[in-house]
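Please read them beside the coordinates.

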Amino acid sequence: MKSSSARNPAATASLNEGGGVVLPKHVAIIMDGNGRWAKARNMVRAMGHKAGAETFRTIAYHCRDLGLDYLTVYAFSTENWKRDKFEVSAILRLLEDYLLEAIEKMVSEGIRLNILGDTEPLSERIKSLISRTIELSSVISGFQVNLCVNYGGRDELTRAAAKSNLSGKPLGDCLDTANIPDPDLLIRPGGEKRLSNFLLWQLAYTELYFTDTLWPDFTSAEFDSILAEYSKRNRRYGGA
Ligand code: IPE
Ligand code: IPE
Ligand code: MG
């Protein structure tokens, strides 16, 4: 693991006050609590998703500035189709907006964007935006955001097993995350202490961090305090 001294000095200054903070290379986040955030304000759930999308933007830029290599966020699960159709379409509309912005701005600002999950059931418009975003991103090296859309760990493993049987390749090379190192740290805001079908294979030795903060209220400062706590953990991977 790299020490923060090797990363963007301005962004890591407050993190590194005591010296020697060890930054994770890959952080995964289950962006949860949008609905409860909206309910507490007498707003419709879609407004919570809008606020959550803003938090995502802030944290993505913050991770880039800190010098992390990967940020993987859970945006829409294979089970989230069970929700009211207005809520599902609000979430998918935000995805469209985000992809449009990514094409215009994030990619030009050095953020490489990748999508994980089964994109097949998504609309033709979203699919073509995804292809365009990935094509433009392919020339960028450096910080990468993986946006998980219609993603479920069991669905990913089922698709990967079929691919592996056909090609004879190892299962890990057939996952949506092939070529991406496993997350070092998983953060779940929103108070629930479960994985909700997220990255079931990849989280085998990931450090887990749960916070009651609802995702729209999550800040870069809280992210930094979690990184400071991560830095104190002793990762053994089954060794002595
Ligand atoms: C997470 O927030 C976003 C998605 C699952 C799409 P929720 O919508 O699950 O918010 P809560 O958990 O109901 O508060
Ligand atoms: C997990 O949150 C999915 C995303 C954040 C996209 P959920 O709100 O769907 O999870 P459960 O239902 O509380 O387990
Ligand atoms: Mg939830």
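1. Helix α4 covers residues 85-106. Its 22 residues span 29 Å from first to last C-alpha, close to the 32 Å expected at 1.5 Å a residue; the expected span is 1.5 Å times one less than the number of residues. Helices are DSSP runs of H or I, at least four residues, numbered from the N terminus.

2. This is a predicted model: local features need pLDDT of at least 70, side-chain atom pairs count only at pLDDT 80 or more, and totals for chains, interfaces and linings use all residues. Residues are numbered from 1 along each chain as written, chains are lettered from A and ligands numbered from 1 in written order, and side-chain values use heavy atoms, without hydrogens and water.

3. At the start of α4, a side-chain oxygen of aspartate 84 comes within 2.7 Å of the backbone nitrogen of phenylalanine 86.

4. Ligand 1 has 13 residues around it (a heavy atom within 4 Å). Asp32, Gly35, Arg36, Arg45 and Arg83 come nearest.

5. Oxygen atoms of ligand 1 lie 2.7 Å from a side-chain N or O atom of arginine 36, 2.9 Å from a polar side-chain atom of arginine 45 and 3.4 Å from a backbone N or O atom of glycine 33. The protein covers 87% of the 380 Å² of accessible area that ligand 1 has on its own (Shrake-Rupley method, 1.4 Å probe).

6. Methionine 47 sits in helix α3, residues 45-66. Methionine 47 is partly exposed, at 38% relative accessible area (between the limits of under 20% for buried and over 50% for exposed, 1.4 Å probe, protein chains only).

Notes. Helix = DSSP H or I, 4+ residues; strand = E, 2+ residues; numbered from the N terminus. Polar contact = N/O pair within 3.5 Å; in protein donor to acceptor, adjacent residues only side chain to side chain.
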